[in-house]
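Biologist: Hi, I'm new to this one. Could you walk me through it?

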Amino acid sequence: MTAFRVLKDGTPIDETLIGVKYFPTKDTSRFSLRLRNIDPSDQGVYTIRLERGSTILQSDGKLIVKHLAPIEDEEDEKKREAETNGIEKKSKMPKKELSDDQPTFDSPPFFHYKLEDETVNINDRMILSVTNTTLPEPIVEWYKNGEKVYEDIKYAKRKDKGRYELIIASCEMNDDAEWQAIGTNKFGKCESSCRLTVLNPDKAEKPEFRHPLDNEIVYEKTQLKLEVTVVSTLPVKITWFKDDEKLSHTDEYRIMAVDTRHSLSILDCKRRHSGEYSVEAVNAIGKVSTNCKVTVKTGKPRGIDDEEALAPSIRMPLPATRELPENAEVKLVCAVTGIPTPEISWYKDDREVTFAELSYDNGLAQLFIPKAKTTHSGVYTVHAKNEHGTVRSVGMLYIEPSNELLNIAPKFKDTLINLSVMENSEIILECSASGRPPPQINWYHNGLKMIMTNRMLQYVDRRGTVRLSIMNAKPDDEGEFTCEAENAFGKDWTHCQVKVAATGLSNQRSRSPSPNRTAKPPMITRHLCDAKVHEGNRELLECEVDAFPEPSIEWLHDGNLVAESRTLRTYFDGRIAFLKIYQAHKDHQGIYECKIENKLGEATSSATITVESAMESKEEYIPNMPRFTKKLTNMQILREGENVELQCSVEGNPEPAIKWLLNGKAVHAGSGAESTKIGNLHCLKIANFTRDLSGTFTVIATNVYGDTHSSADILLPAIGKL
């Protein structure tokens, strides 16, 4: 860590006068000293010294304090001039000019530290700054090539004790321009300008399309896909337009990006999709675009076998068996396609369904029962029919009476999984327990019951999901973790091993202050940053501060004090203030402010968090770590010899590898089970199900960012219970 010292005539300044007479400050790469109430004793040579280990860097400056000569009154002035010139004439004593660094009141602005020409590399950060000591303080506006600059994700303005800054987060070629700062108060204005030159040392170029878009002619009810390949050595942003209006990713318009390939797809074309389409690629050097005309025609494309292409087809059948408790929510889903759009009918035990909510949209036929009863048990069939044919899918639903769910000992359906994390990252342990009444959850570390601290968060929901989050992982967190579920009718356990890989950074955030630290008011060394987060995802706000004694931290959301909950936690490690959102929703959207205060002063930093739903998102968001969009469900097999199919859907980037387990042991090919994959849908098909296959099936999805799993009980009841 760099030590910052101030000396006067070779001797450290009196620390008791810091904050009273002396005001040393540092901000990123600038170090300064302000003095208040100057008198002759302040004259001398001042030194700012930076020390890191054996390396010392210092700069000296001499302060000279001059007395202002008293202004003679008018009579004395007349007498003096009469003696020297022999005549009396009215004259005024010239006014004494104030030094640049002395504050002046009721004056127009005056920039003492002016803008200077600067040179910066493309994508680098740049700070333009001016200083002013006149009062009243001016309003400073910034201009680029004569156009006013407004704050956004790229440009930020900052003001601190007479210093005015414009921060350019990442310089682009269009920032190679004339920049101007104009300060205004009620007494006048001043200005300063400079030339900012942006270099391109790697000779990067604006994006390039390998092939332009081609005009397309498609037919109604068919699929359209526009695709381009973009070449760029710098980060590039892709935007699609239809008739000059920006398009976002929706169910109607599917915008995808895989490496350098970018595409826009319409799965079910209609006449309204005709028009002018264009795609724009932008990087720090410039932008390019290509466009095409799309025409959607009525009728059928030539050369298509109508009977084979247009007849209804089952893309995802109903689950073979589903078992749910009474009063639970039931949703049966079957994916069906066909041209023209097929008519969908639902039947229970060969009678048309009238008691459930039915829908068919975007190829998905759904049956929904908000609160299931035992009378809803039966065989369900979905029929899809159009002029070219008919298809159906069949599944069985069994609703367990509520009295069968009373007094159940705890059992872990999803167990803990071994985990390895980097030091200072987050440990997330997750499992799932059932039982009635709901079990009490206890956590143990290396055999000792854990006491929850301010960096730990325990969460249990009504569905039995159990989660333990430990923030800022330390080497001492390594070892065996045990989760215990207990109620009056029994208990169950699950265990895992956690390894914490050291990074060597833990000492950088030590809370033990140096005994020789200089008392100083809070100074923010890293501000909060605006962010966009998708609903259901996590977000971490960090504000780094330098202060002694250690400050107190307050977080505000839209002006109100933040209250911690299971989805929002705050903590402070002595250097960085954190606010963590675990599952973002619309209520989390707004302006967050971090207020840091000690007895010498205070500082604040703020940022805006925008929470986007999947429909609002302007870009496709694919999480890195695997995530189940459809989990395994429990099934009860009616008799031996049946064919059983387990299904789940999982997404992740890169695509996760899938492994199937039965009672904790791997399911191998050739054992009567076959694993298949269609898109994100993974299936385990078991031909001729036997009693020795009855048990808990688990599917594990793994990629380089982590793993996740889902489990279900597939049971063949005893003959007496059939």
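**Cores, rings and strands**

Modeller: In the largest nonpolar core, which has 25 residues, Leu128, Trp142 and Trp179 touch the most other members. Such a core is a set of buried Ala, Val, Leu, Ile, Met, Phe, Trp, Tyr and Cys residues joined through side-chain atoms within 4.5 Å, and buried means under 20% relative accessible area with a 1.4 Å probe, protein chains only. This is a predicted model: local features need pLDDT of at least 70, side-chain atom pairs count only at pLDDT 80 or more, and totals for chains, interfaces and linings use all residues. Residues are numbered from 1 along each chain as its sequence is written, and side-chain values use heavy atoms, leaving out hydrogens and water.

Biologist: Which strand gives the most to this core?

Modeller: β15, with four residues. Strands here are DSSP runs (E, at least two residues), numbered from the N terminus.

Biologist: New topic: which ring does the charged end of Lys114 sit over?

Modeller: That of Phe110, 4.9 Å from its centre. To count, NZ of Lys or CZ of Arg must be within 6 Å of the ring centre and within 35 degrees of the ring normal. Arg34 likewise has its charged end over the ring of Phe23, 5.2 Å from the centre.

Biologist: And how many bridges pair β36 with β40?

Modeller: Six, in the antiparallel sense; pairing takes at least two DSSP bridges. Cys431 has Val466 in β40 as its bridge partner.

Definitions and conventions. Buried < 20%, exposed > 50% of the residue type's maximum accessible area, 1.4 Å probe, protein only.
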